Amino acid sequence: MTNQQDVVVSEMGIAAGAALPGPSPALLACRGAAAGAMSLRYLDLAAAAARSASGTWADAMRASSPTRSRAADEFTAWVRKHPSALGKFEQIASASKGKKVVMFLDYDGTLSPIVADPDAAYMSDAMRAAVRDVAKHFPTSIVSGRCRDKVRNFVALSELYYAGSHGMDIKGPSSNPESVLCQPASEFLPVMDEVYKALVEKTKSTPGAKVEHNKFCLSVHFRCVDEKRWNGLAEQVKAVTKDYPKLKLTHGRKVLEIRPSIMWDKGKALEFLLESLGFANRSDVLPVYIGDDRTDEDAFKVLRKRGQGIGILVSKCPKETNASYSLQDPGEVMDFLLRLVDWKRKSSAAPMVRPRV
Ligand SMILES: O=P(O)(O)OC[C@H]1O[C@H](O[C@H]2O[C@H](CO)[C@@H](O)[C@H](O)[C@H]2O)[C@H](O)[C@@H](O)[C@@H]1O
C-alpha cells in the first residue's frame, strides 16, 4: 500500500510539499461567495501568481477575482447538476415510495456548523430533535471522522448507530445487547497513540495548530494557523508520518488527517451498516447519505455504484461530487429532515374514514 506523503492542501488551495494544482475558477468563485465580497487577500494573490501560467500578478488578479455574476452563474450551473434536495423533495419522496429509507448522516458541517474550535462544534437542540424524529421512522446512523465516543456525546441520541474514525469504529444502539461492533483497524491503536504524541510534540511550535486524537484517525487542525505557516505545518506532519508507511495522510476542511492505510472508508461503513441491518441485497431499500466533506465522497460513490440510494452534498459552493443532490448548510439539512419525517407521517397515516351523514 502506498503512503500518501505528498498530499497536503486546504480548503483555500494553498499547497505544501510538492507542486499542487491551483484553485479552480469555481473554488475561487466560492471563496468570493463565502466571504461575501470579491476582494482577495495578499497571500491568495501571491499564491495564485506563483501558480499562474505566465506568473504575472495581472493574470493572477484576473483569475482570482471572478465577478459576482460569474460566481452566481457557476453556482447556478452546479445546482442544475446537483439540485437542491429541498427543491426536489417531491422527486425524492416519490423515489422513496414503497421503499425502506435508511439514513446516514455525517456530523461536522452537516448536523453542526463549522466552527473554529473542534471541541465546540455543538449541534442545536432543534437539530437533535429533528434527528431523533428521523430515527423514529428510519434506521439512522451517524458517520463521522471523529472518534465514536466524541461524536456520540455531541449527538447524544442513544438509539442511533455510530460510525466514528471515518467508519473504522462502528457500534449499534447501546440498548441492543446484540449490537454490532466493527473495528477493522484495531491493530493500529498503539501506533495511533505513538503518532499522536509525536505530532503534538512536533507541531507545538506552530501557533494555532491542534492535534485531535480520533482513535483510528488523527486530525491536525490548521483553521487557526496563520496561512503563512501552513506549509511549515505540513512539513512537520510529513516529518512524523514518513516513518509510518502503513498510515496515509489525507485532508478535509482545514484539517490534515492521518489514518491507517487500509481499504476501509465511509463507503465501506455504509455497506457494512446496510448489511448489519439486513438490507444488503434488497431492492426495496433506499439509503440516503448526507455529508459535506471529501471523505463523504466514498459513501456517495458507493451509492452511485449500487445504483441505489440518494447522496446529498452539503455545500454553499460548487464542488466536484458524486452526490446527486445538494443542500447549502446544516439549516437546510434540518429542514430536509423535518420534511422527510412529515412526509413519512402523512404517507403512513391511515386513510380518513368519512363520517356518515
Ligand atoms: O466526518 P465529519 O463528522 O464531518 O468530521 C470531519 C472532521 O470534523 C471536525 O473538523 C471539522 O469541524 C471542526 C468544527 O466545526 C472545524 O474546526 C475543523 O476545521 C473541521 O475540519 C473534527 O474536529 C475532525 O476530527 C473530523 O475529522
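Predicted model: local features only at pLDDT ≥ 70, side-chain atom pairs only at ≥ 80, totals over all residues.

**Stop 1**

**Stop 2: the whole view**

Now zoom out and color by secondary structure. Of the 357 residues in the protein, 50% are buried. If you look at contacts between residues at least 6 apart in sequence, 63% of them join residues at least 24 apart.

**Stop 3: two domains**

Domain 1 is made of two stretches, 69-184 + 264-348, and domain 2 covers 187-260, according to the domain assignment. Their centres, taken over C-alpha atoms, are 27 Å apart.

Where they touch, 22 residues of domain 1 are in contact with 17 residues of domain 2. Together the domains bury about 1,600 Å² between them, and 51% of that is on carbon and sulfur atoms. How many salt bridges are there between domain 1 and domain 2? The count is 5. On the domain 1 side, the residues touching domain 2 come to 8 nonpolar, 6 polar and 8 charged.

Select D292 and R253 next. Their side chains meet in a salt bridge, at 2.4 Å from N to O.

**Stop 4**

The structure holds 21 salt bridges, so let's visit a few others. Pick K210 and D119: they form a salt bridge whose closest N and O atoms are 2.9 Å apart. K210 is in strand β6 and D119 is in the loop between β1 and α6, so this pair ties together parts that are 91 residues apart in sequence. K210 is partly exposed at 29% relative accessibility, and D119 is partly exposed as well, at 36%.

Then try D296 and K266, a salt bridge with closest N and O atoms 2.8 Å apart. This pair links distant parts of the chain, with D296 in the loop between β10 and α11 and K266 in helix α10, 30 residues apart. Both D296 and K266 are buried.

For a group, select D108, R146, K150 and E212 at once. These four are linked in a network of salt bridges.

**Stop 5: inside the protein**

Head for F336, in helix α12 (residues 330-348). Why does F336 count as buried? Its relative accessible area is 0%, and the cut-off for buried is under 20%. Show what surrounds F336: leaving aside neighbours within four places in sequence, its contacts are A85, L86, F89, I92, V288, I290, I312 and L327. For a sense of scale, draw a line from the C-alpha of F336 to that of K228; it spans 39 Å, and the two are 108 residues apart in sequence.

Next, click S141 in strand β2 (residues 140-143). S141 is buried too, at 1% relative accessibility. Beyond its neighbours within four places in sequence, S141 touches M103, F104, L105, Y161 and L273.

Which kind of element holds H82? H82 is found in the loop between α4 (68-81) and α5 (89-96). H82 counts as buried, with 6% relative accessibility. Setting aside neighbours within four places in sequence, its contacts are T321, A323, S324, Y325 and S326.

**Stop 6**

One bit of background before the last stop. Most residues other than glycine have a negative phi.

Now select A156, in the loop between α7 (148-155) and β3 (161-164). A156 has a positive phi of about 55°, although it is not a glycine. It counts as partly exposed, at 46% relative accessibility.

Finish with K254, in the loop between β8 (247-252) and β9 (255-260). K254 also has a positive phi of about 55° without being a glycine. Is K254 buried or exposed? K254 is buried, with a relative accessible area of 14%.

Key
Residues numbered from 1 in each chain as written. Heavy atoms only, no water. Helix = DSSP H or I, 4+ residues; strand = E, 2+ residues; numbered from the N terminus. Buried < 20%, exposed > 50% of the residue type's maximum accessible area, 1.4 Å probe, protein only. Contact = heavy atoms within 4.5 Å. Domains from an automatic or database assignment. Buried area = accessible area lost by both parts, 1.4 Å probe. Nonpolar A, V, L, I, M, F, W, Y, C, P; charged D, E, K, R; others polar.
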